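Here is a short note for a first look at this model. Please keep the structure open while going through the points.

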Amino acid sequence: MKEMSYKKEFIEFMVRSGVLTFGDFITKSGRKTPYFVNTGNYKTGAQAARLGEFYAKSIMENGKGEVDALFGPAYKGIPLSVATAIALSNEFGKDLNYCFNRKEEKDHGEGGSMVGYKLQDGDKVLIIEDVITAGTAVREVFPILKGAANVQIEGLIISVDRMERGQGDKTAIQEIEAEFGIKTYPIVTVREIIDTIHNVEIDGKVYIDDAMKARMEAYLEEYCVK
């Protein structure tokens, strides 16, 4: 599958799943946005399987298939990391460990805040997330991982790069790289979304018409890094 057709397939998959939506929304960072990506709207086994395949393909294309574990931050990262681990095993023969955190630390049984694979010092870990807007959620993840073991974080795989400024003049992704030395690998960017489905029908409906494109371009002009 060629790269652009793969990206187009993923964009259409998000739209059909009700995950990529257009209208009026507020992001976690408080910005008013004309589009929203909510991976919490995936709800069927078939969608989860398909999503895992897209993440797995991105991991392999970016040369990140040799890590020791996938980490999915609670809550949305949990099913993402599991689906990705399954797809890596089924599609690429890569049987990787996975783990995720609890929001509240468990005070009985084995205790602790981590579930799944027990991270070891020196492990190479790949973080599986949905979207980065201002990088807030990602910054919460690093102390959790470093608190579990002295791991080496190999990168961050996300579904969509919104290409927005974080806390300064850089994109949130650029800030994460500068602050932690971690590269982020998006399956698609918002620019690719616009370019791919502007005035293109998906199941008989145009989701990004000229008016929506103008709203998205205005948003990019205000919040995105040129």
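1. Start with tyrosine 75. It sits in the loop between β3 (69–72) and α3 (77–92). A cis peptide bond joins alanine 74 to tyrosine 75, with omega at about 0 degrees. Bear in mind that this is a predicted model.

2. Next, look at methionine 163. Its phi is positive, near 60 degrees, and the residue is not a glycine. Methionine 163 lies in the loop between β8 (152–161) and α5 (172–180).

3. Phi is positive here, about 55 degrees, although aspartate 203 is not a glycine. The residue belongs to the loop between β10 (201–202) and β11 (205–206). Its relative accessible area is 61%, and the cut-off for exposed is over 50%, so aspartate 203 is exposed.

4. The largest nonpolar core holds 44 residues. Phe10, Met14, Leu20, Leu70 and Ile193 have the most contacts inside it. Helix α1 (residues 3–16) gives the largest share of this core, 6 residues. A second core is separate and has 20 residues, among them Cys99, Leu145, Ala149 and Ile182.

5. Which residues does methionine 14 touch, leaving aside neighbours within four places in sequence? Methionine 14 is in contact with Val19, Leu20, Val37, Tyr42, Val160, Val188 and Ile193.

6. Turn to one helix pair. Helix α6 (residues 190–197) packs with helix α7 (residues 210–223) at an angle of about 160 degrees, and their axes are 11 Å apart. Angles over 145 degrees count as roughly antiparallel, so α6 is roughly antiparallel to α7. The crossing of the two helices is left-handed.

7. Who makes that contact? On α6 the residues are Val190, Arg191 and Ile194; on α7 they are Lys213, Met216, Glu217 and Leu220. By type, the contact of α6 with α7 has 4 nonpolar residues, 3 charged and no polar.

8. Finally, stay with α6. Its buried residues are Val190, Ile193, Ile194, Thr196 and Ile197. Val190 and Ile194 also take part in the contact with α7. After α6 comes asparagine 199, with a positive phi near 55 degrees.

Terms used
Residues are numbered from 1 along each chain as its sequence is written. This is a predicted model: local features need pLDDT of at least 70, side-chain atom pairs count only at pLDDT 80 or more; totals for chains, interfaces and linings use all residues. Side-chain values use heavy atoms; hydrogens and water are left out. A nonpolar core is a set of buried Ala, Val, Leu, Ile, Met, Phe, Trp, Tyr and Cys residues joined through side-chain atoms within 4.5 Å. Buried means under 20% relative accessible area, exposed over 50%, partly exposed in between (1.4 Å probe, protein chains only). Helices (H or I, at least four residues) and strands (E, at least two) are DSSP runs, numbered from the N terminus. Contact means heavy atoms within 4.5 Å. Axes are lines fitted to C-alpha atoms, for helices over the stretch in contact, and angles run from 0 to 180 degrees between N-to-C directions. Angles under 35 degrees count as roughly parallel, over 145 as roughly antiparallel, 65 to 115 as roughly perpendicular and the rest as oblique. A crossing is left-handed if the near helix is turned anticlockwise from the far one by less than a right angle, and right-handed if clockwise. Ala, Val, Leu, Ile, Met, Phe, Trp, Tyr, Cys and Pro count as nonpolar, Asp, Glu, Lys and Arg as charged, and the others, Gly among them, as polar.
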